[in-house]
Amino acid sequence: MHSLLQRQRKDAGLALPAAGSLPQPQPRRMFSGVGCFWVLLSSCLVAVCSFSFLAPAWIVKGQRLHPAHDEASFGLLWHCAEALEQRHSCYAFGGLAAFRDIPSSAWQTSAVLCSGGCALLAISCLLAVVAVFLPDGLCERRACTLAGYMQTAAVFIMAAGLLVYPFGLSSATVKKFCENSSIYYAGDCQIGWGYMLAIVGVMLSVFLPFFAKYAPKEHISPTPIPTIL
């Protein structure tokens, strides 16, 4: 019996690993490559969407296509006109103090949706910057998840604003410059670079929530859609 106890103690001693062979904890990463790319793409798309929403070239009528008519262009909040013998001039549709001066209720709705979506995208970009500098853990995952949901909502809001904008082509102000214009038909005018740039910006913003899923340094959720714990 005594020899059996000694053998068990000896076997137990051999089973214990040496102090130097213990697994060392892996060093925590300061930044995530996907997270840095996510922040960079978010910042670029905020700048693109802001610039396109302020551009006065969503609907354009040029003198090259119609030499006998005045040149004019419409934006989300701006209108520019240039007569045959006058200089180019632009003015806002009343600004925030006179929002009702926007010539169409559809354009008013589009302005609210696009500006609200762009503001939400900018807030999510700031949250993404904060999430990148957070240490890996629950707070970082929650920040990335919240930013991803905000970016998803911003995409739907801005897309709705872009879809509502062509309804304003049937207003009397637009028909004065673009003859025979109607809903989703520009008549003598054409789609400008500002509207196309806004569409491209919204289409690229669709990828932001997917990058937000893999932005954390250690993502433990196997599901394709992150959830707030």
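Helices α2 and α4 are roughly parallel to each other, a label used for angles under 35 degrees, while over 145 counts as roughly antiparallel, 65 to 115 as roughly perpendicular and the rest as oblique. α2 covers residues 33-54 and α4 covers residues 138-164; their axes come within 13 Å and cross at roughly 25 degrees. An axis here is a line fitted to C-alpha atoms, for helices over the stretch in contact, and angles run from 0 to 180 degrees between N-to-C directions. Before going on, a word on what you're looking at: this is a predicted model, where local features need pLDDT of at least 70 and side-chain atom pairs count only at pLDDT 80 or more, while totals for chains, interfaces and linings use all residues. Residues are numbered from 1 along each chain as its sequence is written, and side-chain values use heavy atoms, with hydrogens and water left out.

Back to our helix pair. α2 passes α4 in a left-handed crossing, meaning that the near helix is turned anticlockwise from the far one by less than a right angle; clockwise would be right-handed. On the α2 side, W38, S42, C49 and F53 take part, and they meet C144, A147, Q151, M158 and L162 of α4. Contact, by the way, means heavy atoms within 4.5 Å. Sort the residues of this α2 with α4 contact and you get 7 nonpolar, 2 polar and no charged. For that sorting, Ala, Val, Leu, Ile, Met, Phe, Trp, Tyr, Cys and Pro are nonpolar, Asp, Glu, Lys and Arg are charged, and the others, Gly among them, are polar.

Helix α4 also pairs with α3. The axes of α3 and α4 come within 8 Å and cross at roughly 160 degrees, so these two helices are roughly antiparallel to each other. Here, too, the crossing is left-handed as α3 passes α4. The residues of the α3 with α4 contact divide into 22 nonpolar, 6 polar and 1 charged.

Let's stay on α3 and pick out two serines. S110 sits in this helix, which spans residues 105-133. Is S110 buried or exposed? S110 is buried, with a relative accessible area of 0%; buried means under 20% relative accessible area, exposed over 50%, and partly exposed in between, using a 1.4 Å probe and protein chains only. Leaving aside residues up to four places away in sequence, S110 touches L76, G161, V164 and Y165. S105 is in helix α3 as well, but this serine counts as exposed, at 57% relative accessibility. S105 and G168 are 63 residues apart in sequence, yet their C-alpha atoms are 7.2 Å apart in space.

Time to step back to the whole chain. It has 7 helices and 5 strands, and from the N terminus on the elements run α-α-β-β-β-β-α-α-α-β-α-α. Helices (H or I, at least four residues) and strands (E, at least two) are DSSP runs, numbered from the N terminus. Of the 229 residues in the chain, 36% are buried. Among contacts with a separation of 6 or more, 62% come from residues 24 or more positions apart.

Now for the cysteines. How many disulfides are there? The count comes to 1, taking a disulfide as a pair of cysteine sulfur atoms within 2.5 Å. The partners are C178 and C189, with their sulfur atoms 1.7 Å apart. The link is left-handed, with -90 degrees about the S-S bond. Both C178 and C189 lie in the loop between α5 and β5, 11 residues apart. C178 is buried at a relative accessible area of 1%, and C189 is buried too, at 9%. C44, on the other hand, is in no disulfide, and the nearest cysteine sulfur, that of C125, is 8.9 Å away. C44 counts as partly exposed at 41% relative accessibility, whereas C125 is buried with a relative accessible area of 8%.

Most residues other than glycine have a negative phi. N180, in the loop between α5 (172-177) and β5 (190-191), has a positive phi near 65 degrees without being a glycine. N180 is also exposed, with a relative accessible area of 63%. Y184 lies in the loop between α5 and β5 as well, and this non-glycine residue has a positive phi of about 60 degrees.
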